[in-house]
Each structure stands twice: as C-alpha cells, then as structure tokens.
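Me: I am new to this structure and would like to learn how to read it feature by feature. Could we go through it together, with the general idea first and then the case at hand?

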Amino acid sequence: MAALSTVSVPHPDKDATAAVTPNSSQTQHPLQVAKRLEKFKTTIFTQMSMLAIKHGAINLGQGFPNFDGPDFVKEAAIQAIKDGKNQYARGFGVPDCNAAIAERFKKDTGLVVDPDKEITVTSGCTEAIAATMLGLINPGDEVIVFAPFYDSYEATLSMAGAQVKSITLRPPDFAVPLDEFKSAISKNTRAVLINTPHNPTGKMFTREELDTIASLCIENDVLVFSDEVYDKLAFEADHISMASLPGMYERTVTLNSLGKTFSLTGWKIGWAIAPPHLTWGVRQAHSYLTFATSTPMQSAAAVALRAPDSYYEELRRDYSTKKEILVKGLKDVGFKVFPSSGTYFVVVDHTPFGLENDIAFCEYLIKEVGVVAIPTSVFYLNPEDGKNLVRFTFCKDEGTLLSAVERMKEKLKRN
C-alpha cells in the first residue's frame with residue numbers, strides 16, 4: 001500500500017533509542033523487517049493517532065470509545081483478580097468463558113456448538129484472524145477478500161503466504177458485485193474472508209449476497225472466514241451470521257470479540273468458533289502465537305456475554321443517537337455521506353473540499369482543522385480505489401462528536 005508511506009511519522013522509539021544506544025550519533029541502522037511485511041509500514045491507526053496527539057486534534061479516526069465499559073463487567077474482572085484467577089488460562093479458553101460464548105452464539109444463531117471442541121478464546125479478534133489465517137492457509141493458497149478491508153487481513157494473509165484476490169465494494173451502497181464474485185471464485189480458491197457489519201463502510205451483507213456467497217463456496221469447496229465483531233451494532237437490518245446458513249457451519253470460522261460490544265477494547269478478548277476439523281488448525285496457530293488469553297478478563301467476559309437483551313438494545317439506542325449527531329453534522333459541513341447500517345463507522349466523500357487524495361485531506365484535517373479521520377486508500381489492494389473516501393467513527397461521547405463537527409463547520413471550507 002504505497003500511499004501509506006506518504007504520511008511522515010517518526011519512528012515511535014526513536015528518541016528513546018538515541019538516549020541509550022552507544023555511539024548513536026555515528027551509527028544509523030536501517031529499520032529491519034521481513035520481506036513479507038515490509039510493504040505494511042506503521043499501521044494507519046498508529047500514524048493518525050500520533051498526529052492527533054501532536055496537533056491536539058479530536059480523534060474520530062481510530063475505533064475505540066472515549067467512554068468506559070459497563071460497571072458490572074469491570075467489577076467482575078476485579079473480583080476475578082481478587083479470587084486469584086491470575087495464572088495461565090487453559091490454552092483455548094477458561095471453561096466458563098467458552099460456555100458463555102456458546103450460549104450467546106446459540107441465542108444469536110440457533111446453532112449449538114461444543115464449547116470445548118469448537119470455541120477458541122484469543123487475545124482479541126485480531127489474534128483470532130491471525131490464528132485462522134496461519135492455521136488454515138498454506139503458502140500459495142488463494143483467498144478472496146472484499147475491499148475496503150480491515151488492514152490486518154492483508155498483513156496476516158501475507159504472513160501465511162496467501163495469494164490475495166480482492167473484489168471492490170463501491171459507493172454509494174457498497175453492494176457485492178455478485179457477477180464479479182462468481183467469476184473470481186473457483187476450485188483454486190481456498191477461502192473467502194467476509195466482514196459483516198463491515199469496517200470501514202458500515203455496510204451489512206444482505207441475505208441475497210450471503211446466500212450467493214454461501215452457495216458458491218459449497219459448490220467450489222471453499223472455506224469462509226467471517227469477521228462479525230460488530231454484530232451487536234446493527235442499526236437498520238438484522239445481522240445474519242454466515243455459519244447459520246444451510247450447509248455453511250462445516251466450512252465457516254466465525255470470528256468475534258468482546259471489545260466493540262462492551263466498550264472494553266483494551267481487554268483484547270476475542271474468539272473463533274468453528275467445527276472441530278477447522279478448530280484444530282486455529283488452535284495449532286493460537287498455541288504458538290499467545291498460548292493463552294488473560295484469565296481474569298475471560299471470567300469477566302463470561303459475565304458480560306450473559307447480559308440481558310436489554311443491554312444490547314440500549315447499546316444500539318445510544319449508538320443510533322451518536323450516529324445521528326455525526327451524520328447530520330458531516331452533511332451540514334458539506335461531505336457526501338454514504339449510508340452506514342452497522343458498526344460505529346461512516347464513510348464520506350471528501351472531494352468537495354478540493355484536496356488531491358484521502359491522505360492529503362486527512363493530514364489537512366488534522367493540522368488545520370483539528371479533527372482526525374482515517375484515509376481509506378490503505379484498505380484497498382489498489383489505493384486509487386479509496387482515494388476519494390475517508391472514514392469517521394462515532395464511538396465517542398456526544399460532546400466530543402459535537403465539538404468535532406463545530407471545528408469542521410468553522411474551519412473546513414468547500415471549494
């Protein structure tokens with residue numbers, strides 16, 4: 001993703017290294033990284049967050065809430081620590097946490113899974129993604145992704161040595177081009193990676209789209225890796241889990257996490273649900289990535305996942321209000337705002353303001369306006385596909401959202 005390198009950000013450890021390295025003024029060593037990762041540079045989220053701090057900008061870029069998770073979950077974690085649940089957990093998850101995940105999955109999808117044989121608890125969904133790719137993809141395997149995509153997908157597929165084939169979802173509705181997908185998938189395809197609700201666009205895959213993907217995967221004996229971390233942030237349609245479709249559980253790895261739903265992104269509790277023959281590969285990779293995930297946080301996650309439905313209803317109401325504030329504000333500022341049916345993201349067209357591309361616009365927005373957005377070109381195999389789009393998040397308190405909108409109304413002028 002060559003566009004990423006146009007953002008100039010110092011190495012995060014540069015100053016500290018200079019202070020402790022002998023003869024550092026004479027010795028300048030190039031940064032070293034394996035070839036399979038050298039194209040990825042520093043993640044765009046780190047880059048933009050560093051610039052936000054430097055310029056005192058309001059961060060509507062990175063998707064972490066600026067408010068805390070529910071007290072009942074935090075208190076459960078404190079109690080688990082006090083109860084001495086502080087040593088290594090069972091590698092694939094604390095039994096009660098696995099059981100709670102299975103209960104929630106049954107409630108959401110109707111599927112009954114074995115918590116000991118079909119659920120693997122990981123250090124966030126990002127590790128679940130990595131363990132799935134590394135555990136089930138061989139070098140040279142073809143994997144289809146839908147662009148724009150969460151940036152860890154391409155990086156972990158690169159680590160696995162996969163051949164990545166991208167199908168672009170385009171505004172305004174980011175619909176799956178089904179004919180293009182039918183042409184792309186074949187007996188040579190090992191897996192399809194989907195994300196619904198979809199980051200960064202907020203799109204939710206429709207039943208027609210999922211049914212078509214499912215039937216073609218069955219026909220061609222293809223696996224599906226389904227990232228569903230935003231399943232509880234579905235505003236305008238019911239979330240459909242790919243594994244729940246006829247014939248799909250046996251070929252699907254469902255990926256999810258606690259952080260988005262409970263505003264506890266720093267806990268890094270994720271999981272992968274899959275039939276035993278696929279779970280085996282996921283667990284083999286997980287064992288050598290992190291081995292086990294935080295014990296007391298898993299105990300608290302079990303409490304969280306057994307929250308009543310009223311918790312999720314209130315969550316959606318709160319986020320609907322935040323979304324309304326941001327979407328109205330962005331429209332008033334002059335952006336073309338595309339529909340977002342799920343997640344806590346919204347994508348806009350920045351071109352009314354005259355900057356040459358998304359990275360130039362985001363740099364201007366931070367330095368001159370004091371607001372952070374994420375350039376979407378980094379979420380495409382071909383950065384040109386995303387050069388007109390930027391992503392904002394509304395997982396912030398209402399005061400922060402209103403302040404960001406006011407800054408943009410005051411300082412951002414259309415050409």
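Me: How many bridges join β2 to β8, and do these strands run parallel or antiparallel?

Reply: This is a predicted model, in which local features need pLDDT of at least 70 and side-chain atom pairs count only at pLDDT 80 or more, while totals for chains, interfaces and linings use all residues. Residues are numbered from 1 along each chain as its sequence is written, and side-chain values use heavy atoms, with hydrogens and water left out. Helices (H or I, at least four residues) and strands (E, at least two) are DSSP runs numbered from the N terminus, and two strands pair if DSSP finds at least two bridges between them. Here β2 and β8 run antiparallel and are joined by 4 bridges, with Ile119 standing opposite Ile273 in β8.

Me: Which way do the residues of β2 point, and are they buried or exposed?

Reply: In a regular strand the side chains alternate between the two faces of the sheet. In β2, Ile119 and Val121 point one way, Thr120 and Thr122 point the other way, and all are buried, where buried means under 20% relative accessible area, exposed means over 50%, and partly exposed lies in between (1.4 Å probe, protein chains only).

Me: What is the order of the strands in the open sheet of 7 strands?

Reply: The order is β2-β8-β7-β6-β5-β3-β4, and the pairing is mixed. Because β2 (119–122) and β4 (163–168) stand at the edges with a single partner strand each, one side of each is left without a neighbour in the sheet. Neighbouring strands of this sheet are turned by 20° against each other on average, direction ignored; for such angles, axes are lines fitted to C-alpha atoms, for helices over the stretch in contact, and angles run from 0 to 180 degrees between N-to-C directions.

Me: In what sense do β3 and β5 pair, and over how many bridges?

Reply: Strand β3 (residues 142–147) pairs with strand β5 (residues 189–195) in the parallel sense over 4 bridges, and Val145 stands opposite Leu193 in β5. Helix α8 (residues 207–220) packs on the sheet, touching β3, β5 and β6 (223–227), and its direction makes about 165° with that of β5; contact means heavy atoms within 4.5 Å.

Me: Why does Val143 count as buried?

Reply: Val143 belongs to strand β3, and it counts as buried because its relative accessible area is 0%. Leaving aside residues up to four places away in sequence, Val143 touches Ile137, Leu157, Ala162, Gln163, Val164, Lys165 and Ala191. Val143 and Leu223 are 80 residues apart in sequence, yet their C-alpha atoms are 9.3 Å apart in space.

Me: Which peptide bonds and phi values deserve a look in the loops?

Reply: The bond from Ala147 to Pro148 is cis, with omega near 0°, and Pro148 sits in the loop between β3 and α6 (151–160). The bond from Asn199 to Pro200 is also cis, with omega near 20°, and Pro200 lies in the loop between β5 and α8. As for phi, Asp221 has a value near 55°, which is positive in a residue other than glycine; Asp221 is placed in the loop between α8 and β6 and counts as exposed because its relative accessibility is 56%.

Me: How many residues of α11 are buried?

Reply: Helix α11 (residues 295–305) is mostly covered, with 10 of its 11 residues buried. These buried residues pack against α3 (71–82), α4, β2, α9, β8 and α12.

Me: What volume does the second largest pocket have?

Reply: On a 1 Å grid over the protein atoms alone, a pocket is an open set of points where a 1.4 Å probe fits, with protein on both sides within 12 Å along at least five of seven lines, and lining residues have an atom within 4 Å of a point. Grid points are joined across faces, edges and corners, and a volume is the space filled by probe spheres set on the points. The second largest pocket has a volume of about 510 Å³, and of its 31 lining residues the closest to its centre are Arg104, Asp108, Asp231, Lys232 and His239. The largest share of this lining, 6 residues, comes from α4.
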